[in-house]
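Thank you all for coming; I would like to take a few minutes to walk through one model. Please have the display open while I talk.

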Amino acid sequence: MNQLGAVRKLLVANRGEIACRVMKTARRLGVPTVAVYSKVDEMAKHVTYADEAFCIGSAAAKDSYLRKDRIIDVALRTGATHIHPGYGFLSENTDFAQDCASNGIKFVGPPASAIRAMGDKIESKVIMEKAGVPLVPGYHGSDQSLETLVEECKKIGFPVLVKAALGGGGKGMKVAQSEDECVDAIQSAQREALSSFGDQRVLLEKYVGQPRHIEVQVLADGHGNILHFYERDCSVQRRHQKIIEEAPAFGITKDFQNQLHKAAIDAARAVGYENAGTVEFLVDADTWEFYFMEMNTRLQVEHPVSESVTGVDLVELQLRVASGEEMPFKQKDVKCDGHAVEVRLYAENPYNDFLPATGDLLRLKVPPETTEFALTDKVRVDSGVRQGDSVTDYYDPMIAKMITKGKDRAEAITSMQKALGELQIADLPNNVGFLQTIMKHEKFLEGDIETNFIPKHEKELFAKAGEAERRHWLPPPPPPPAPPPPPPPLALSPNVA
């Protein structure tokens, strides 16, 4: 029975683990689901999770998962009342959110105006400045001439971080350590920004040398309520992309935590936010000052750690809010219980600049007593692939996310160490051994982490990970040869008495 009358049918405009994750909750709530897929994904896991599935194009994302027109056409033909974008692809596309509204389809996410405002790092900083949310000292003005940008770098003081106004994932991001490097850093960031996002505007920020990346999960309904679901520490990154996340942030005071939560709610309110979002902050580990970085106007990859410590299904809340409901509880009802850790399992080669790997996943065996796409106090694995599936170069090479929980950080990490040891992935280069090494590193165990953790400890991390990593790349051993058949019984000669 459908528990969400207004959500008569849900189309999930995504693939992989996030599509499966959304469909799992929709199924529990009795909401029929529609999957879309590319030709290469015809037999993909998310297709089997849905009640209906439609091909929307060839393998390349630009010809399928980024085709707004085809996705909306499927929604209209199937009678889908709501579209959940997941993360990536069209999840932060202003035009897509607007097109959904124009066609009478509810976009499960914020209004297009909030996506537009937060998607532009320059505009978002102007809004946050007016709302009193702390900003990194820097420049986000409209004068983008090289002369002005160089002068502003000098005013800020080196080192300076040059960032693309749009996009993310580390693209269009350069550090100028001195005035001599300033022009090259600006022009390089501009070229990359133009190539990746079609917009060469940049902003300048004071470079924080040992920052922690701490973000706050928020969710707002259409009745004026905005709640936080505590914070996550996502400081352990490679190439500006997170690989380990945990909740709550370790080693911060209650007063500091309250300041973060208030700033995040102020940020969401300043843009008229609705549904799930994440406000990201840069924390100076030396001074404990924090600064607004950006707001991701969608569900995050790392949302399961927040679900683990709060006991709240964030996708269910997203769907309830999108159906017009008021949130069923108040801030005082949202409790943080224990500690959770998530790792991202990638098909990649950590020894070759984390180069993505492709091929057949001949073996994928998760730890015993694992739960998939649901709240648990044991091991949770969210994966969009199955044993025997292929990892291609068309999409992100993430194999799965694995989440563990404990009464405290030490117990959660111990559980993760055990789970990584029990996990079996074979015949594809992967980062399992590398993650195991991080989980055992003295500084990580102490909570002495920041965004430069991997390059800072690169020598010992890679040296110690080597043998463990290679074990996870080996194909499964062949089955033992079958024993020879027993010899036929000896026939008795008829002449023997």
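This is a predicted model: local features need pLDDT of at least 70, side-chain atom pairs count only at pLDDT 80 or more; totals for chains, interfaces and linings use all residues.

Residues are numbered from 1 along each chain as its sequence is written, and side-chain values use heavy atoms, with hydrogens and water left out. Helices (H or I, at least four residues) and strands (E, at least two) are DSSP runs, numbered from the N terminus.

Let me begin with helix 3, residues 68–78, and helix 4, residues 94–102, whose axes come within 11 Å and cross at roughly 25°; the axes are lines fitted to C-alpha atoms over the stretch in contact, and angles run from 0 to 180 degrees between N-to-C directions. Helix 3 and helix 4 are therefore roughly parallel to each other, given that angles under 35 degrees count as roughly parallel, over 145 as roughly antiparallel, 65 to 115 as roughly perpendicular and the rest as oblique. On the helix 3 side the contact, meaning heavy atoms within 4.5 Å, is made by Lys68, Ile71 and Ile72, and on the helix 4 side by Asp95, Phe96, Asp99 and Cys100. These residues divide into 4 nonpolar, no polar and 3 charged, where Ala, Val, Leu, Ile, Met, Phe, Trp, Tyr, Cys and Pro count as nonpolar, Asp, Glu, Lys and Arg as charged, and the others, Gly among them, as polar.

The contact is made by Ile413, Met416, Gln417, Leu420 and Gly421 of helix 12 together with Val432, Leu435, Gln436, Met439 and Lys440 of helix 13, and its residues divide into 6 nonpolar, 3 polar and 1 charged.

Now to the rings. Rings of Phe, Tyr and Trp (its six-membered ring) pair if their centres lie within 6.5 Å, and planes under 30 degrees apart count as stacked, over 60 as edge-to-face and the rest as tilted. By this rule the count comes to 15 aromatic pairs. In one of them, the rings of Phe96 and Phe107 have centres 6.0 Å apart and planes at 85°, so the pair is edge-to-face. This pair links distant parts of the chain, with Phe96 in helix 4 and Phe107 in strand 5 (residues 106–107), 11 residues apart. Phe96 counts as buried at 0% relative accessibility, and Phe107 likewise counts as buried at 5%; buried means under 20% relative accessible area, exposed over 50%, and partly exposed in between, with a 1.4 Å probe and protein chains only. Elsewhere, ring pairs link Tyr65, Phe89, Tyr394 and Tyr395 into a cluster.

Finally, the backbone. The peptide bond from Phe158 to Pro159 is cis, with omega near 5°, and Pro159 lies in the loop between helix 7 (146–156) and strand 7 (160–164). The bond from Ala247 to Pro248 is also cis, with omega near -5°. Although Phe373 is not a glycine, this residue has a positive phi of about 60°, and at 3% relative accessibility Phe373 counts as buried.
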